[in-house]
2 protein chains.
Amino acid sequence: MFITCLDLEGVLIPEIWIAVAKRMKIPELEITTRDEPDYDKLMKKRIEILNMNNITLNDIQTIIKSMTPLLGAKEFLDWLQEYSEILILTDSYREFAKPMVKALGNYALFCHNLEINEEGKIVKYNLRLRNMKKITIQKLKELNFVLIAVGDSYNDIEMLKEADFGILFRPPENVKAEYPQFPSIFEYAELKENIKEILTS
Amino acid sequence: MFITCLDLEGVLIPEIWIAVAKRMKIPELEITTRDEPDYDKLMKKRIEILNMNNITLNDIQTIIKSMTPLLGAKEFLDWLQEYSEILILTDSYREFAKPMVKALGNYALFCHNLEINEEGKIVKYNLRLRNMKKITIQKLKELNFVLIAVGDSYNDIEMLKEADFGILFRPPENVKAEYPQFPSIFEYAELKENIKEILTS
């Protein structure tokens, strides 16, 4: 029996922070782990910027609710769920990711969460688990599932390595070049064909 | 962060084998673990009865598709998913359970599976894992989730014991009497209140 674990942003939906930055016209929010490799510093900076601009969780959720999944993502998952359980594994937060995951088809969502104060402002992020994606794959393998993992970036590589089958979907050029052991796929139709082969192998 | 693991038959939908037995008018299919405590013998007997009566997987799936969830089950899950991830843990088979789980709201389904021959007949059942419910709870706890488990019968007790919060839903009298350490709840409204308290404790 199969479980397919998919990263969310970049694989199934657009990048949330980029959408918020653009909509709110706050270019500083476009910083990513490429600009600030220390995730803790990055998140603290993001939260500081939000609060300086009086942006609440509600404001962000309004933006997220107006976002749409990547074209073809939902149809791809509709097909996949007939053959494999689906789990969305993201280092994003339940408060951000849940509405998008419901729009995609209400799959299970393993992520982190935010702390919100009485004014609706984000005060803190809670990581449920370090190396969450990798460790989730390990535990699911111990439940005798066969694991397929699909991700697009550096923070997905450990998950792809741990899974029985790892696939890069729409990776940046450098990630694609650095990890030639994983197929790099750019269209859902091709992803479907690739997974079909795995399911029947 | 919470995950609520729920048994399927008896908790969210009617018993599948009972429905098949009644619809097909084959009383021998109503045998349960109470009549035949050895699950392997029970399942082999069920499969034998199906094949003697020329009943295919397709016939059973037709019956299952005509079944409806227990009254109030879907609304209860609709409410719960806002606060907790939901996982359906059942010792039934993907081929039986998946259509019902989709009707309930497309939650993650951890179960076993069947082997089907070219004629569409069930030839074998595959247990993905022994003590699946209990071990699943263990692994999810290792992922730093807080676990709520809801079940109705003897085969749920280990799961309820392993979870942070175990709840019996509509248990038979003997199960209720034997395990007074778990609250025995009979209505979804009460189940909702009980879980609400856990979520805010």
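What share of the contacts in chain A with a separation of 6 or more comes from residues 24 or more positions apart? The share is 54%, where contact means heavy atoms within 4.5 Å. Some notes on the rest follow.

1. Ground rules. This is a predicted model, in which local features need pLDDT of at least 70 and side-chain atom pairs count only at pLDDT 80 or more, while totals for chains, interfaces and linings use all residues. Residues are numbered from 1 along each chain as its sequence is written, chains are lettered from A and ligands numbered from 1 in the order in which they are written, and side-chain values use heavy atoms, with hydrogens and water left out.

2. Overall build of chain A. Along the principal axes, the C-alpha atoms fill a box of roughly 55 × 30 × 30 Å.

3. Of the 201 residues in chain A, 53% count as buried (under 20% relative accessible area; exposed is over 50%, partly exposed is in between, with a 1.4 Å probe and protein chains only). The accessible surface of chain A is about 9,100 Å², with 50% of that belonging to carbon and sulfur atoms; areas come from the Shrake-Rupley method with a 1.4 Å probe. Chain A has 26 positive and 32 negative charges, and their mean positions are 3 Å apart. Lys and Arg are the positives, Asp and Glu the negatives, and His and the chain ends are not counted.

4. How the copies relate. Chain B superposes on chain A by a rotation of 180° with 0.0 Å of shift along the axis, at an RMSD of 0.0 Å. That is the relation of a two-fold axis. Both copies use the same surface, since 100% of the contact residues of chain B recur in chain A.

5. Ser92(A). You'll find Ser92(A) in strand E2 (residues 85-93) of chain A, where it is buried at 4% relative accessibility. Beyond four places in sequence, Ser92(A) contacts Glu9(A), Ile16(A), Cys111(A) and His112(A).

6. Helix H5 of chain B. This helix (residues 94-104) is mostly covered, with eight of its eleven residues buried. Just past H5(B), Gly105(B) has a positive phi of about 135°.

7. Two loop residues in chain B. Pro183(B) sits in the loop between helix H8 (173-178) and E7 and is partly exposed at 33%. Gly166(B), 17 residues away along the chain, has its C-alpha 7.7 Å from that of Pro183(B). Setting aside neighbours within four places, the contacts of Pro183(B) are Gly166(B), Ile167(B), Leu168(B) and Asn194(B). Glu187(B) is in the loop between strand E7 (184-185) and helix H9 (188-200), partly exposed at 46%. Glu187(B) touches Phe169(B) and Arg170(B), not counting residues up to four places away.

Note on methods: The place of a charge is taken as NZ of Lys, CZ of Arg, CG of Asp or CD of Glu. Copies are superposed by least squares on the C-alpha atoms of residues with pLDDT of at least 70 in both. Helices (H or I, at least four residues) and strands (E, at least two) are DSSP runs, numbered from the N terminus.
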